[in-house]
Amino acid sequence: MTHELKLLFDTLKNWQQQGKKAVFVSVVDLEGSSYRRPGVRMLICEDGEYAGAVSGGCVESEIERQAQSVFRTNTPKVITYDGRYRIGCEGVIYVLIEPVLLSEALLGAFESQLKSRRAFEMNSFFYSEVGEYDKIGSVLNFNGTEYSLNPDFKSDETDNQKCFSQTFEPLFQLFIFGAEHDAVQLSQAAKLLGWKVTIIASPEESKSCDYFPGAASLLTPSFDDIDTSAIDEQTAVVLMTHSFNKDVQYLMALKEINPAYIGLLGSVNRRERVISMLLEQIPDLSLEFIEQIHGPAGINIGAENAAEISVSILAEILSVVRKQKPLALREKVGAIHE
């Protein structure tokens, strides 16, 4: 979600520099089931351009039509969309449409929050009844300081006003150790998920960051100079060097980290050999560190080439982060989103 909000803010900043007006759209409540859950957001520019989406594409045209009154009056509104009769989603979504103008102070605080890798919160105040209201809108909270998306927003402190509260975690990161062709594929695929990708390669590597579309940076430290301070609980690590010795050296450098995921490319036998070599170097290595190594990395989808393997690995990372066991949705009991 954080990367989606960043994309919206980057887009809105560009629109504001061009002097264009926009509205901010948030799904704030749901009855039943829907394609996406509350917390998804999008922008609509006065010229009809979109950024982001709140559905698979079936709701956006209706939202654009409803947004025209917000452009005219500058008054926020709540609308509903009943998917039970239109798209078969078996649910009713509540949508908040509000004028938006990001101040320099808000943008600066937002960038600072992302850089410091600290979570933050957005609160969207609304009513469950369809209509236009002066005192509804969204507020960002950065470490106790609040910033309104709409400069004219003032909340209504009545009991019947609702609040949808959403916490945004730091941008998810992927550290790829290795610089072969499969690392290129994994980097590209991870970028599509909105992840910040860092490539770690050996000092003798001649490739530049341009070789890895989607990567934010390419670092080539020696094994002794690897900085792990940026690897946190919102980070996945995948080792794909195609070298036993390099994998062992990198794992030695990573032995104190506790990321969301560690993946090791290769077969079960290769994993056992790497761990045996690792234990020869660090006999007292913690069992917890060894057990968090997923090897072979990925889930069983019959992947054969590098692009398919990247899908397999990313699917496993998501399943681990979301604490879900990979399962065909047709075999899942209950709602898709729980």
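Helix α4 passes helix α8 in a right-handed crossing; a crossing is right-handed if the near helix is turned clockwise from the far one by less than a right angle, and left-handed if anticlockwise. Helices here are DSSP runs of H or I with at least four residues, strands are runs of E with at least two, and both are numbered from the N terminus.

Before I go on, this is a predicted model, where local features need pLDDT of at least 70 and side-chain atom pairs count only at pLDDT 80 or more, while totals for chains, interfaces and linings use all residues. Residues are numbered from 1 along each chain as its sequence is written, and side-chain values use heavy atoms, with hydrogens and water left out.

Back to the pair. Two packed helices are described by the angle between their axes and the distance between the axes. For α4 (residues 181-192) and α8 (residues 306-321), the axes come within 8 Å and cross at roughly 55°. The axes are lines fitted to C-alpha atoms, for helices over the stretch in contact, and angles run from 0 to 180 degrees between N-to-C directions. So α4 is oblique to α8: under 35 degrees is roughly parallel, over 145 roughly antiparallel, 65 to 115 roughly perpendicular, and the rest oblique.

Which residues of α4 and α8 make the contact? From α4 they are His181, Asp182, Gln185, Leu186, Ala189 and Ala190, and from α8 Ala306, Ala307, Ser310, Ile313 and Leu314. Contact means heavy atoms within 4.5 Å. These residues divide into 7 nonpolar, 3 polar and 1 charged. Ala, Val, Leu, Ile, Met, Phe, Trp, Tyr, Cys and Pro count as nonpolar, Asp, Glu, Lys and Arg as charged, and the others, Gly among them, as polar.

Next pair. Helix α5 (residues 244-253) packs with helix α6 (residues 268-281) at about 55°, their axes 9 Å apart. That makes α5 oblique to α6, and the crossing is right-handed. Phe244, Asn245, Asp247, Val248, Leu251 and Met252 of α5 meet Arg270, Arg273, Val274, Met277, Leu278 and Gln281 of α6. The division is 7 nonpolar, 2 polar and 3 charged.

Now the aspartate. Asp29 lies in strand β1 (residues 22-32). Asp29 counts as partly exposed because its relative accessibility is 23%; buried means under 20%, exposed over 50%, partly exposed in between, with a 1.4 Å probe and protein chains only. Leaving aside residues up to four places away in sequence, Asp29 touches Pro38, Val92, Ile93, Tyr94, Phe126 and Lys162.
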